[in-house]
Amino acid sequence: MDELSRRKMLITGGALGALGALGAASPAHARALWTWAPSGSVAGKGAGLDPEWVWDEQADPVLAAVIERGQVAQVNQALRQWTRNDQPLPSGLPADVRDFMESARRLPSWADPGKLAAAARFTTKKGIYTGALYGLGSGLMSTAIPREARAVYYSKGGADMKDRIAKTAQLGYDVGDLDAYKPSGGMIVTAVKTRMVHAAVRHLLPQSPGWDRTSGGQTIPISQADVMVTWHSLATFVMRKLKDWRVPVTTAESEGFLHVWQVTAHILGVLDEYIPASWAEAEAQSRQVLDPVLASTPEGNELTDVLLDIVAELDAGLTRPLINAFARYTLGDRTGDLIGLDREPFWQPLISGAWPLLVAFREGLIPLPLIPQAAWTVEEALRKFVLLYLSEGRGINIEIPDANRPS
Ligand code: HEM
């Protein structure tokens, strides 16, 4: 760690207690009343309970028992052998874990192979946009979601945030993979392992003094409402931006993209009654659960720095101002300010002028001579970023944590 980030860490570390207490009381944390109706979900019906008070009845007791029995290392060793959707579960898993995983790995009855294929075609065609949006949009936005930033900060992976971010990138990569939910793909594996990690975190984090101090009264982390907040920061946000950018998306591609995320939510353990059935329903739910919670936290700001440091590694920091400006263009100034993104007076106007032209040219809507030379610098930097983002995620094992971040 360089001197500047070490100092920043000390400063933010000292301020954590005070700011955490303030943060808990700030209006940004007031959640709107849950009024989203289960009739708008893939289930079409449901009890309509506020998902703020729902966690994961199947996974949580099983992972709590694994931790209590001291079997985390044994389970992780077995999980490392499990990489493909069609692979039988490895030996060495305790019976309760095996039973849970056999049931959790099943695709929902409503999974539609035609729509999943449309999603894969969509990523093939629009990967540069979705890659940039996941990495620089959703990835950075997650640092402005206080509960997510704090859960990540105080859990075991928070001690090595670069590694943590690389692991999360794997999910973005796998979702867009051509084979994601096919037998040869890996998305079921990634999502089931992630569901197990989240269940373990629900058992562990309440024992962390740092989390306890800043959790704003939440006693168990990662509620179903929290998972949907993050889901919207990925799926709904990306679709919203593609529309803003006037990227042509066919109805089949748009429905396919929604579908791959619906299936992902199900495998992550979200109840079908909370999974939106359409983009209109997703937008409505997002406005209720995501938009009001965005806020600045010391933990989130530190995560932002780590993310941007990864970007700076691309070429000794030269790209960072450009990436700052692109992220601001994508997230808007409100979120940009919340996460402490630098303002870039040179790059910002350039990007907001050039990017729409570049999109229009890439989509065959305008001829080449209309594109300013600087637009290619932007595209080149994004391409590098997307490649880095994807390669960071490859070949990484998602592991069940056995402890929190050491305090
Ligand atoms: C772990 C994805 C929602 C907190 C992970 C991992 C992935 C992931 C891929 C494994 C990476 C690793 O081992 O570090 C997702 C997705 C979500 C979601 C796709 C929703 C669609 C959330 C939410 C929270 C959260 C809402 C908290 C409020 C965590 C924590 C870890 C984790 C604390 C463990 C990090 C550690 O090992 O210490 N998540 N997540 N996640 N996630 Fe999530």
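R147 is partly exposed, since its relative accessibility is 28% (partly exposed lies between buried, under 20% relative accessible area, and exposed, over 50%, with a 1.4 Å probe and protein chains only). R147 forms a salt bridge with E52, with 2.9 Å between the closest N and O atoms (a side-chain nitrogen of Lys or Arg within 4 Å of a carboxyl oxygen of Asp or Glu). The model is predicted, so local features need pLDDT of at least 70 and side-chain atom pairs pLDDT 80 or more, while totals for chains, interfaces and linings use all residues. Residues are numbered from 1 along each chain as its sequence is written, and side-chain values use heavy atoms, without hydrogens and water.

**Fold and surface**
- The protein chain has 16 helices and 0 strands (DSSP runs, H or I of at least four residues for helices and E of at least two for strands, numbered from the N terminus).
- Of the 407 residues in the protein chain, 53% are buried.

**Salt bridges**
- The structure holds 20 salt bridges.
- E52 is buried, at 10% relative accessibility.
- R328 and D337 form a salt bridge of 2.8 Å, N to O; R328 is buried at 3% relative accessibility, whereas D337 is partly exposed at 42%.
- R343 and D333 form a salt bridge with the closest N and O atoms 3.8 Å apart.
- R343 lies in the loop between helix 14 (320–338) and helix 15 (347–362) and D333 in helix 14, so this pair ties together parts 10 residues apart in sequence.
- Through shared partners, salt bridges join R328, D333, D337 and R343 into one network.

**Aromatic rings**
- There are 15 aromatic pairs in the structure (ring centres of Phe, Tyr and Trp, the last by its six-membered ring, within 6.5 Å; planes under 30 degrees apart are stacked, over 60 edge-to-face, the rest tilted).
- W53 and W55 form an edge-to-face pair, 6.4 Å centre to centre with 80° between the planes; W53 is exposed at 60% relative accessibility, and W55 is buried at 19%.
- The charged end of R405 sits over the ring of Y153, 4.1 Å from its centre (NZ of Lys or CZ of Arg within 6 Å of the ring centre and within 35 degrees of the ring normal).

**Iron site**
- H198 (NE2) is the single protein donor to the iron atom of the ligand, 2.1 Å away (donors are N, O and S atoms within 2.8 Å of the metal, or 3.2 Å for Na, K and Ca; water is not among the atoms, so sites may look incomplete).
- H198 is placed in helix 8 (residues 187–204).
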